[in-house]
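Work through the exercises below with the model open. Try each task before reading its solution.

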Amino acid sequence: MSTQPAELTVADVTYEQLAGTIDHSLLRPELTVGEILDGCALAARYRVASVCVRPADVPRAMQALTDSTVEVGTVVGFPHGANATAVKVAEAEQALADGATELDMVCNIGWLRSGEADAVEADIRAVVDVAHRAGALVKVILENAYLDEEQKRLGCRLTEAAGADFVKTSTGFAPSGATHDDLRLMRETVSPHIQVKAAGGVRTLDALLAVMSLGVTRIGATATATILDDYRQRAEG
């Protein structure tokens with residue numbers, strides 16, 4: 001019988017480990033250029049894993065983060081996943097040419113719900129092939145809010161079969177985001193070398209520690225400062 005992993009506490013993780021799970025999200029459509037630059041500065045100051053910016057903002061983010069360790073990521077087929085595969089490939093190629101090193105792509109949700117497994121896998125693989133040739137990571141967004149349990153499992157299996165690096169819960173723009181049940185399902189469905197990213201609803205330090213306890217290695221966050229300031233206060237206390 002499987003046992004639940006012990007929930008992590010502040011004492012179990014270093015600042016670097018915690019910050020290294022965060023992709024600081026800068027994807028809202030109304031963000032101004034100034035807000036994008038402020039977000040990049042915040043990401044550099046807190047030394048997070050990456051920023052995830054809108055595709056048109058990649059060159060600006062690259063320039064803003066030149067002297068930092070923060071990776072620049074962007075999205076492909078966002079947020080609906082229904083772009084033609086050739087368009088997703090073109091998006092990926094442009095993002096990579098602009099300097100992005102991580103791509104969060106949305107799978108074709110409608111195809112996945114229809115059981116079109118070969119088409120979904122081919123769609124993911126086309127982006128993975130382009131990204132991996134450039135040394136970039138691919139995180140595949142399933143958008144679990146629209147899927148039943150078997151569709152989530154199928155999406156996980158197809159993500160792994162297509163060679164992607166992460167399976168991810170959500171865009172953050174659907175009716176719901178990451179749930180613990182979904183994260184457990186995803187972690188147990190994919191092999192250990194496939195990582196799991198939670199997005200949508202991880203807004204506090206305790207919430208981050210809880211999903212890390214389930215095997216999550218990245219989250220998408222807008223509450224980066226809140227989470228990491230809380231860690232520093234508790235760790236110092």
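**Exercise 1.** What covers the buried residues of α4?

*Solution.* The model is predicted: local features need pLDDT of at least 70, side-chain atom pairs count only at pLDDT 80 or more, and totals for chains, interfaces and linings use all residues. Residues are numbered from 1 along each chain as its sequence is written, and side-chain values use heavy atoms, leaving out hydrogens and water.

Start with the helix. α4 spans residues 85–97; helices here are DSSP runs of H or I, at least four residues, and strands are runs of E, at least two, numbered from the N terminus.

Next, list its buried residues (under 20% relative accessible area, 1.4 Å probe, protein chains only). They are K88, V89, A92, A95 and L96.

Now find the cover. It includes α3, β3, β4 (102–106) and α6 (117–133), with contact meaning heavy atoms within 4.5 Å.

**Exercise 2.** Which exposed residues does the face of α4 turned away from its buried side carry?

*Solution.* Exposed means over 50% relative accessible area. That face carries A86 and A97. Past the helix comes G99, with a positive phi near 115°.

**Exercise 3.** Where is A56, and how far is A56 from Q94 in space?

*Solution.* Locate A56 in the loop between β2 and α3 (58–64). A56 is exposed, at a relative accessible area of 70%. A56 and Q94 are 38 residues apart in sequence, and 9.6 Å apart in space, C-alpha to C-alpha.

Note on methods
Expected span 1.5 Å × (residues − 1).
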